Amino acid sequence: MKIEKIELFLCRLPLVQFFETSFGRSYDRTFVLVRVEGDGHEGWGESVAEANPYYSSETTETVWHIIEGFIAPLVLGQAFEHPRDVFPALRRVRGHNMAKAGVEMAAWDLYARITGQSLATVLGGTRDRIASGVSIGIQDSYGQLLEKVERELAAGYQRIKIKIKPGWDLEAVERIRTKFGNIPLQVDANAAYSLDDTDLLARLDPYGLLLIEQPLDYDDVMDHAVLQKQIKTPVCLDESIHTVRIARDAIEARACQIINIKPGRVGGHRASIELHDLCAAHGIPVWHGGMLESGIGRAHNIHLASLPNFTLPGDIAASKRYYQPDLIEPAIEISADGTIAVPTGPGIGVNIVRDRIDRATLRHIALEATP
Ligand code: OSB
Ligand code: MG
């Protein structure tokens, strides 16, 4: 497989509903789409960096800069036997996993299309439907929160995750438990707490949460190990896990019992499979995170989440919760049992709607191999 051309699209789409985390509130999503061409086929990827450096230090502008200046020259005109060879070829670029993942994942889609297989098949997926959960942002009132939980449970989602931050934590959980009983419930702090909050976080223990996601800082593995010894709720790491090696250290240090895998955060599908396998070998369950992707990134996530150790429901929900219309057809839907079908066509197996991409595009560039 020879990658002959890379195109980048800086896109912005309005969100169907605002999304608030401990970093702040967003009403739209800015992201970079990657299109690659080779052997008479195309492949699509989506970089999950946001317009701001709050979840991660990468932004849409750093992704553009790094792909154009440093990743494209390492990939263009190169023949890869398999897309698993792309991530190692980018090794001299340190970090910038979201930039790498955009290109790497597009290469997996390209390879799957060239060989006429679904991406799930190429990745080693073993199930034809994935379990779907929702991530509900911080709301203006508890009433609004309870309404959203009710709506998502009625839609069939298999578990509810709520965002928490100091001042929006115990009472939100208490009210959900009071109204909805023992539903599968987890919380995500996006690094909003410190060890000084241990007593407060321990007060979540009686609520039987599935997990608490990234309570402490993004670069802090060791404090999570200290915290985990003092709370019963299983700690799950998100932001901290940028590499398979950090995951290995975190597991060794008992800093977490569960890991959230987002391919964008670790550099793409190859690193995600390695992380998945590492966790499986240590009895650490994984689930697939979400980054408010368009249907292109979410289709990738669905294929990856079909691997066997994704045993907890992912943050992979229906298109209509995010974008209307989405950039793909048909839209991603969940069935009444809270599952999403893994597309079976070649590659990511969804149709890309080019005129919707064009309408969402703020900037475009096409890069080709220099002969
Ligand atoms: O921490 O999991 C997170 C969205 C943007 C950035 C970080 C996170 C999230 C989500 C949304 O929780 C999950 C989704 O895509 O539905
Ligand atoms: Mg998270």
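The model is predicted. The protein is assigned two domains, domain 1 (5-116 + 351-368) and domain 2 (122-341). A magnesium ion (ligand 2) is held by Asp 188, Glu 213 and Asp 238, and side chains of Asp 188 and Asp 238 also come within polar-contact range of ligand 1.

**Domains and core**

- The centres of domain 1 and domain 2, taken over C-alpha atoms, are separated by 23 Å. In the contact between them, domain 1 supplies 41 residues and domain 2 supplies 47 residues.
- The largest nonpolar core contains 122 residues, and Ile 162 and Ile 259 have the most contacts inside it. Helix α3 (residues 97-114) gives the largest share of this core, nine residues.
- Both domain 1 and domain 2 contribute to this core, with at least three residues from each.
- In soluble globular proteins, nonpolar side chains tend to be buried together.
- Beyond its neighbours within four places in sequence, Ile 162 contacts Ile 136, Leu 145, Ala 172, Val 173, Ile 176, Gln 186, Val 187 and Asp 188. One of these contacts, Asp 188, is also a protein donor of the magnesium ion (ligand 2).

**Magnesium site (ligand 2)**

- The protein donors are Asp 188 (OD), Glu 213 (OE) and Asp 238 (OD), at 2.1 to 2.3 Å from the ion.
- Along the chain, these donors have the spacing D-x24-E-x24-D. Glu 213 belongs to strand β8 (residues 212-213), while Asp 238 sits in the loop between β9 (235-237) and α9 (244-252), so this pair ties together parts that are 25 residues apart in sequence.
- Glu 213 is buried because its relative accessibility is 0%, where the cut-off for buried is under 20%. Asp 238 is likewise buried, with a relative accessible area of 0%.

**Ligand 1**

- Ligand 1 is surrounded by 15 residues, and the closest are Ser 135, Lys 163, Asn 190, Leu 292 and Tyr 322.
- The side chain of Asn 190 has an N or O atom 2.8 Å from an oxygen atom of ligand 1.
- For the side chain of Asp 188, the corresponding distance to an oxygen atom of ligand 1 is 3.0 Å. For the side chain of Asp 238, the distance is 3.2 Å.

**Arg 159**

- Arg 159 is placed in the loop between α5 (142-155) and β6 (160-163). Arg 159 counts as buried because its relative accessibility is 0%.
- The side chain of Arg 159 reaches two backbone oxygens: that of Val 134 at 3.1 Å and that of Pro 313 at 3.2 Å.
- Leaving out residues up to four places away in sequence, Arg 159 touches Ser 132, Gly 133, Val 134, Pro 184, Gln 186, Leu 210, Trp 287, Pro 313, Gly 314 and Asp 315. Among these, Gln 186 is also in contact with Ile 162.
- Arg 159 and Gly 137 are 22 residues apart along the chain, and their C-alpha atoms are separated by 14 Å.

**Helix α12**

- Ten of the ten residues of helix α12 (residues 295-304) are buried, so the helix is largely enclosed by the rest of the structure.
- The buried residues of α12 include Arg 298, His 300, Asn 301 and His 303, as well as Ile 296, Ala 299, Ile 302 and Leu 304.

Notes
Residues are numbered from 1 along each chain as its sequence is written. Chains are lettered from A and ligands numbered from 1 in the order in which they are written. This is a predicted model: local features need pLDDT of at least 70, side-chain atom pairs count only at pLDDT 80 or more; totals for chains, interfaces and linings use all residues. Side-chain values use heavy atoms; hydrogens and water are left out. Donors are N, O and S atoms within 2.8 Å of the metal (3.2 Å for Na, K and Ca); water is not among the atoms, so sites may look incomplete. Helices (H or I, at least four residues) and strands (E, at least two) are DSSP runs, numbered from the N terminus. Buried means under 20% relative accessible area, exposed over 50%, partly exposed in between (1.4 Å probe, protein chains only). A nonpolar core is a set of buried Ala, Val, Leu, Ile, Met, Phe, Trp, Tyr and Cys residues joined through side-chain atoms within 4.5 Å. Domain bounds come from an automatic or database domain assignment. Contact means heavy atoms within 4.5 Å. A residue is near a molecule or strand if one of its heavy atoms lies within 4 Å of it. A polar contact is a pair of N or O atoms within 3.5 Å; within protein, one must be able to donate a hydrogen and the other to accept it, and residues adjacent in sequence count only if both atoms are side-chain atoms.
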